[in-house]
Amino acid sequence: MFDTKSLSVAIVEKSDVASTLSTSGLYDARYLAANTAYLALIERVWGELDGQSLIDKGTAISNGERDRRLMLLDRHGFYDCEPAVLRTASGRKVAVEISAQRVWCSGTACDLEFFRPLAASPEEDAVVEAATGPRAAFLPELQANLRKLPAFERTILMRRMLAAVAEGGILIARVDPNPAIARYSEALRTRLAPFIAPGSGGIATRLDFSALDESLAERHLLEVAADIWSLIRFAKDPETAGMLERLVAPYTVPASLVVGKQGV
């Protein structure tokens, strides 16, 4: 059917830049459409956003700058190249410029938004060196489910798993004084330095793997997981061994099951 909403959705889907269509509102705006470029930018899949709040479930950050952009849309119906910050699924923040247009879909105020990232992504030649230890493998049931996912969703999932495992591997030294674990955490931080998001100081460590395609993200995930499975044998404290295992056991198994048992 020919209507404003279907036309606006088509514009979003065919756009070469990250784009969204949402209902308008200071606190209750909801997603109506988003293209692949936008989903890749924020590290999400459409099922997580469909009909959800831009603030509660999405990437919009409620602040004075967002209020000002909405005011421009209310008064003028558009704005161009306004600076903003998006929140990705992994928690890091991405600086962007947004251009937007107010449209009306069956009497409902909606906003077409187009995003241009301002921060460059790490180059693939800055990826961490391959680990020398044995590789881990995905759990059989996870491997089977991964094969069923579209390539884009597999890529997003792989980056998320990698971020969870790598961040945990770096931070584990904060709770265990074991010299072997401290050395590993520091070595892992050094290896992953090109992926540490700018301005992510403090307790939290945020890693940006958005430049990695599916195969690279998978390779690094299995390498980091293999390192952690090997490290478990140095964890004499059962609680620490348990924390290390919880980082990798949801996704992977060690090359040798004996390695996984020695730290328990």
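Me: What percentage of the 264 residues in the chain is buried?

Reply: Buried residues make up 48% of the 264. Buried means under 20% relative accessible area, exposed means over 50%, and partly exposed lies in between (1.4 Å probe, protein chains only). This is a predicted model: local features need pLDDT of at least 70, side-chain atom pairs count only at pLDDT 80 or more, and totals for chains, interfaces and linings use all residues. Residues are numbered from 1 along each chain as its sequence is written, and side-chain values use heavy atoms, with hydrogens and water left out.

Me: Why is Cys 81 called partly exposed?

Reply: Its relative accessibility is 49%. That value falls between the 20% and 50% limits, so Cys 81 counts as partly exposed.

Me: Where does Cys 81 lie, and which residues does Cys 81 touch beyond four places away in sequence?

Reply: Cys 81 lies in strand 3, residues 78–87. A strand is a DSSP run of E, at least two residues, numbered from the N terminus. Beyond four places away in sequence, Cys 81 touches Glu 97, Ile 98 and Ser 99. Such a contact means heavy atoms within 4.5 Å.

Me: How far apart are Cys 81 and Arg 116 in sequence and in space?

Reply: They are 35 residues apart in sequence. C-alpha to C-alpha, Cys 81 and Arg 116 are 8.5 Å apart.

Me: What share of the contacts with a separation of 6 or more joins residues 24 or more positions apart?

Reply: The share is 58%.
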